[in-house]
Amino acid sequence: MTIYMESENIIYFNLPEMLKRDTLNTRAFADEFVVTVGTYFSMLLRLEKQSAKAVEALNRFINRSADIDSYKSLDNLLLLLKDLRSERFVTPIYSILGAYDTGNWRLAAHRAEMMMGDFNAFCATLDEMRRKGKQAAVPDPAMPLKEYIRILDEAEANRKPVILAIDDSPTILSSLLSVLGGDYKVFTLPKPSELERVLTRLTPDLFLLDYLMPDINGFELVPIIRSFEAHAETPIIYLTSHGTIDNLTAALALGASDFVVKPFDADILREKIAKHIVKNV
């Protein structure tokens, strides 16, 4: 493995969220190599920079205008991914370069096009994790990476799951805090229009959404939630006083995991939340 020394000014990544999403094969890397957090973050920063060059290279392969520089960009990314023990794009890159080596430009273009969408999403996630790096607990750069992961895992095992409850009724929100506050960390949002801003700072494990609110209904909040990669599958439970078959069917079709009819029974609500949070872990 190539050794990357960290600089004095560490660029932090949100490693807790990266581990949760399994963005990179970080645990396997930490088990195999004795490196510090700072060294690992330096490698990730280099990966981000190399990935930007690789996107340009992939576009050139797709347009059948690839040259030796395009080839080198993908080859350099390949070496770095192998150093990081991240196999996600190793096989696709090998197939692109192999097709190029044999002069099969059409096949190289096809395979580059197949890789591009997934790779762009990967780059966006890596950029997001860097931007959110200072929002997470900032570790000592000299700490061994494996030890930092152990500390994170221990903290995760002991933390309360986070619930975001969105309802325009202060009475309902107060009731939810009273019923759920002992087992969960409950955040309340009486203004649904602020949801997107809140989700840039908070990563709930489950959402409780009121169905009918004055400015926006619960159905309209689902696309906002799902637009965040971290919440592509986060459970959503609707609280509704309109428990008709049509409404409930529509809610489930839009991506809701379940529903509870208001006024809600505390035991039923707790049971459904526990079921979906466990399923989501």
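Phe119 and Phe122 both lie in helix 6, three residues apart, which is about one turn of the helix; helices (H or I, at least four residues) and strands (E, at least two) are DSSP runs numbered from the N terminus. The model is predicted, so local features need pLDDT of at least 70 and side-chain atom pairs count only at pLDDT 80 or more, while totals for chains, interfaces and linings use all residues. Residues are numbered from 1 along each chain as its sequence is written, and side-chain values use heavy atoms, with hydrogens and water left out.

**Aromatic pairs**

- Rings of Phe, Tyr and Trp (its six-membered ring) pair if their centres lie within 6.5 Å, with planes under 30 degrees apart counted as stacked, over 60 as edge-to-face and the rest as tilted; by this rule the count comes to eleven aromatic pairs.
- The rings of Phe29 and Tyr40 have centres 5.2 Å apart and planes at 35°, so this pair is tilted.
- The pair links distant parts of the chain, with Phe29 in helix 2 and Tyr40 in helix 3, eleven residues apart.
- Both Phe29 and Tyr40 are buried, where buried means under 20% relative accessible area, exposed over 50% and partly exposed in between (1.4 Å probe, protein chains only).
- For Phe119 and Phe122 the ring centres are 5.9 Å apart and the planes stand at 25°, so the pair is stacked.
- Phe119 is buried at a relative accessible area of 0%, and Phe122 counts as buried at 2% relative accessibility.
- Ring pairs also link Tyr12, Phe13, Phe29, Phe33, Tyr40 and Phe41 into a cluster.

**Nonpolar cores**

- A nonpolar core is a set of buried Ala, Val, Leu, Ile, Met, Phe, Trp, Tyr and Cys residues joined through side-chain atoms within 4.5 Å; of the 50 residues in the largest one, Leu47 and Phe119 touch the most other members.
- Helix 1 (15–21), helix 2 (26–32), helix 3, helix 4, helix 5, helix 6 and helix 7 (145–158) each supply at least two residues of this core, and helix 3 gives the most, with twelve residues.
- Apart from this core lies another, of 21 residues, among them Leu164, Leu195, Phe207 and Met213.
- Leaving aside residues up to four places away in sequence, Phe119 touches Ser51, Ala54, Val55, Leu58, Leu77 and Phe89, a contact meaning heavy atoms within 4.5 Å.

**Helix 5 and its surroundings**

- Helix 5 (residues 90–101) has twelve residues and reaches 16 Å from its first C-alpha to its last, close to the 16 Å expected at 1.5 Å a residue; the expected span is 1.5 Å times one less than the number of residues.
- Val90, Ile93, Ser95, Ile96, Leu97 and Ala99 are buried in helix 5, and what covers the buried residues of this helix includes helix 3 (37–62), helix 4 (68–83) and helix 6 (105–131).
- Thr91 is also found in helix 5, but Thr91 counts as exposed, at 59% relative accessibility.
- Thr91 and Ser65 are 26 residues apart in sequence and 22 Å apart in space, C-alpha to C-alpha.
- After helix 5 comes Gly103, whose phi is positive, near 80°.

**Two further residues of helix 6**

- Ala108 is found in helix 6 and is buried, with a relative accessible area of 2%.
- Not counting residues up to four places away in sequence, Ala108 touches Phe61, Ile96, Ala99 and Tyr100, and the C-alpha atoms of Ala108 and Ser95, 13 residues apart along the chain, are separated by 7.4 Å.
- Glu128 lies in helix 6 and is buried, with a relative accessible area of 14%; with residues up to four places away in sequence not counted, Glu128 touches Glu17 and Arg21.

- Two strands pair if DSSP finds at least two bridges between them; four bridges join strand 3 (residues 206–210) to strand 4, the two running parallel, and Leu208 stands opposite Ile237 in strand 4.
- Four bridges also join strand 4 to strand 5 (residues 258–261), again in parallel, and here Ile237 stands opposite Asp258 in strand 5.
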